[in-house]
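Dear colleague,

Please find the structure below, handed over for your use.

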Amino acid sequence: MTVAFVAGATGFTGKALVALLRERGTPAVAHVRPDSRDLQHWQALFAGQGAQVDTAPWQLEAMTQTLKARGVTHVFCCVGTTQARMKAHGAAQNSYEAVDYALPKLLAQAAAAAGVQRFVYLSSLGAGPNAKGAYLQWRYKAEQAVQAAGVPFTIARPSIITGQRDQPRVAEAVAGKVLDGALGLLGMLGATTLHNRYKSTSDARLAAALLRLALDPALVGQVVLSEDLGE
Ligand SMILES: NC(=O)c1ccc[n+]([C@@H]2O[C@H](COP(=O)([O-])OP(=O)(O)OC[C@H]3O[C@@H](n4cnc5c(N)ncnc54)[C@H](OP(=O)(O)O)[C@@H]3O)[C@@H](O)[C@H]2O)c1
């Protein structure tokens, strides 16, 4: 039986993934950080969907124990910070290194120690050793850490994620529209590979893709690019 654990369950993609898992009747554990300001809200929301809520601290031993105790078979890592979070809640605790790199690394190591069947890491298109910008470089380092952890993994690299967020991100929505418009034109001109790679996705489409990746035995050890994340 599949038992899914979603880290970053309170985020745009993680929330859609927990909802999808429960719609399909899959046992799901929604991880909410213990210091969440909205813990009661998340507990009520996820309990209403029939998901369990887990507030294990981000520590290797605690995460390993909680994955074991809950019989988790599949872990989805959907955590990540933003420049806005760094400005609002402190640059050091919310840096790309502290969140986008350190948390997936810790969780992958815990998943390996707990004998989890699959670890799906939500990375980003453009991640690479020579990528432009700290965000994509730390994403790549996180991918490397996931691969080194010793757990069967699959890494997803989506393009921009758009849709109705609880707290709208104007720049992201505009970027998605502009990008899709330009790519639509390129698609008409025959540049379909470019179009398929960079076109935006939605939280629900991405959640469905992550679930499909997790259950496909052929995708162990694979990095899946945005154009292969579609239905
Ligand atoms: N948005 C895009 O266009 C896009 C494109 C490609 C890839 N991605 C990547 O995909 C991932 C998911 O994106 P998203 O838009 O769904 O993210 P999101 O809505 O910003 O959610 C981020 C999640 O990470 C958690 N988190 C952030 N800082 C944390 C910290 N210091 N400690 C523990 N948890 C923390 C948040 O928890 P709280 O709610 O408790 O803060 C939340 O659950 C991100 O990592 C992002 O980099 C995003």
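This is a predicted model: local features need pLDDT of at least 70, side-chain atom pairs count only at pLDDT 80 or more; totals for chains, interfaces and linings use all residues.

On the α3 side, the contact is formed by Leu 60, Met 63, Thr 64, Leu 67 and Lys 68, while α5 contributes Leu 106, Leu 107, Gln 109, Ala 110, Ala 111, Ala 113 and Ala 114. Sorted by class, the residues of this contact comprise nine nonpolar, two polar and one charged. Helix α3 covers residues 60–69 and helix α5 covers residues 96–114; their axes are 8 Å apart and the packing angle is about 50°. The two helices α3 and α5 are therefore oblique to each other, since an angle counts as roughly parallel only under 35 degrees and as roughly perpendicular from 65 to 115.

Helix α5 also packs against helix α6, which spans residues 134–148. Here the axes come within 9 Å and cross at roughly 15°. Because angles under 35 degrees count as roughly parallel, α5 and α6 are described as roughly parallel to each other. The crossing of α5 with α6 is right-handed. From α5, the contact involves Tyr 96, Glu 97, Asp 100, Tyr 101, Pro 104, Lys 105 and Ala 108. From α6, the residues are Ala 134, Tyr 135, Trp 138, Arg 139, Lys 141, Ala 142, Ala 145 and Val 146. This contact of α5 with α6 holds 10 nonpolar and five charged residues, with no polar ones.

A further pair is formed by helix α1 (residues 12–23) and helix α9 (residues 203–215), whose axes lie 8 Å apart at an angle of about 65°. The crossing of α1 and α9 is right-handed. In α1, the residues Phe 12, Thr 13, Ala 16, Leu 17, Leu 20 and Leu 21 meet Asp 203, Ala 204, Leu 206, Ala 207, Ala 208, Leu 210 and Leu 211 of α9. The contact of α1 with α9 divides into 11 nonpolar residues, one polar and one charged.

Turning to the domains, the assignment places residues 4–159 together with 203–228 in domain 1, and residues 162–199 in domain 2. The C-alpha centres of domain 1 and domain 2 are 24 Å apart. Their contact draws 11 residues from domain 1 and 11 residues from domain 2. Between them, domain 1 and domain 2 bury about 800 Å², of which 49% is on carbon and sulfur atoms. Of the area that domain 1 buries against domain 2, 57% is supplied by Phe 12, Ser 159 and Glu 227, more than by any other three residues.

With kind regards

Note on methods:
Residues are numbered from 1 along each chain as its sequence is written. Side-chain values use heavy atoms; hydrogens and water are left out. Axes are lines fitted to C-alpha atoms, for helices over the stretch in contact, and angles run from 0 to 180 degrees between N-to-C directions. Helices (H or I, at least four residues) and strands (E, at least two) are DSSP runs, numbered from the N terminus. Angles under 35 degrees count as roughly parallel, over 145 as roughly antiparallel, 65 to 115 as roughly perpendicular and the rest as oblique. Contact means heavy atoms within 4.5 Å. Ala, Val, Leu, Ile, Met, Phe, Trp, Tyr, Cys and Pro count as nonpolar, Asp, Glu, Lys and Arg as charged, and the others, Gly among them, as polar. Domain bounds come from an automatic or database domain assignment. Buried area is the accessible area (1.4 Å probe) that two parts lose on being put together, summed over both. A crossing is left-handed if the near helix is turned anticlockwise from the far one by less than a right angle, and right-handed if clockwise.
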